[in-house]
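Please read them alongside the structure.

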Amino acid sequence: MNYRLYVSLPIYLGLLPSTILIITGLMTYRNTNKLQITRQREIIQKQLTKMMLIQIPIIICSTLPYVIFTEYTVFSATIIKTSNQRIIENIITNIVTLLFYMSFACSFFVFFISSNSFRQEAKLFFLCHRTNLFRNIQIQPHPLSTIRDTTL
C-alpha cells in the first residue's frame, strides 16, 4: 500500500508520462535541426512546437487531478464517511478517471488539428483503406483455348 501511495501513483501516472513526452519532444526537435533544407526544417519545427504546446497541458491537466484525488482517497480511507459523501466521492472518481483517459484519446486530435502534414497523411490513410474496402474484386477465368495452347 505504501508503494502504491508514494511511488506508483505519483511517478508512474503523474511524473513519468509528462517527462517522457517532454524528453522525446526535445530530442525530436533537436533531430530536426539536422535537416539540410532550411525551409523544411522551419516548417517541421513549427508543427512540432504547436503539437507539444497543445499536448503537454492536456497531459498535465488530465493526469494531475487523477493523482491528487487518488492520493486523497488513500489518505481519507480510514475516515468514517456518510453515504452522501461516498456518493459524491464516487462521482468525482468517475469524472477524474474520464479526465485521465482523455490524455490518451486526445493525441490523435491534437496532431490532426495542429499539423498540416499529419492531416494529409491521415486523409490518405483513411481514403486508401476506404477505396480498398469497397473495391469489387473479381477473378476472371481464362478461356480454355488459351490454356490448351500453352500446354502444347
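Which residues does Thr63 touch, not counting residues up to four places away in sequence?

1. Thr63 touches Leu13, Gly14 and Phe100, where contact means heavy atoms within 4.5 Å. This is a predicted model, in which local features need pLDDT of at least 70, side-chain atom pairs count only at pLDDT 80 or more, and totals for chains, interfaces and linings use all residues. Residues are numbered from 1 along each chain, and side-chain values use heavy atoms, without hydrogens or water.

2. Thr63 is part of helix α2. Its relative accessibility is 5%, so Thr63 counts as buried (under 20% relative accessible area, 1.4 Å probe, protein chains only). Thr63 and Thr97 are 34 residues apart along the chain, and their C-alpha atoms are separated by 8.9 Å.

3. Helix α2 covers residues 38-75 and helix α3 residues 83-114; helices here are DSSP runs (H or I) of at least four residues, numbered from the N terminus. Their axes come within 9 Å and cross at roughly 165 degrees, which makes α2 roughly antiparallel to α3 (angles over 145 degrees). Axes are lines fitted to C-alpha atoms over the stretch in contact, and angles run from 0 to 180 degrees between N-to-C directions.

4. The residues of the contact of α2 with α3 comprise 16 nonpolar, ten polar and two charged. Asp, Glu, Lys and Arg count as charged; Ala, Val, Leu, Ile, Met, Phe, Trp, Tyr, Cys and Pro as nonpolar; the others, Gly among them, as polar.

Conventions: Helices (H or I, at least four residues) and strands (E, at least two) are DSSP runs, numbered from the N terminus. Angles under 35 degrees count as roughly parallel, over 145 as roughly antiparallel, 65 to 115 as roughly perpendicular and the rest as oblique. Buried means under 20% relative accessible area, exposed over 50%, partly exposed in between (1.4 Å probe, protein chains only).
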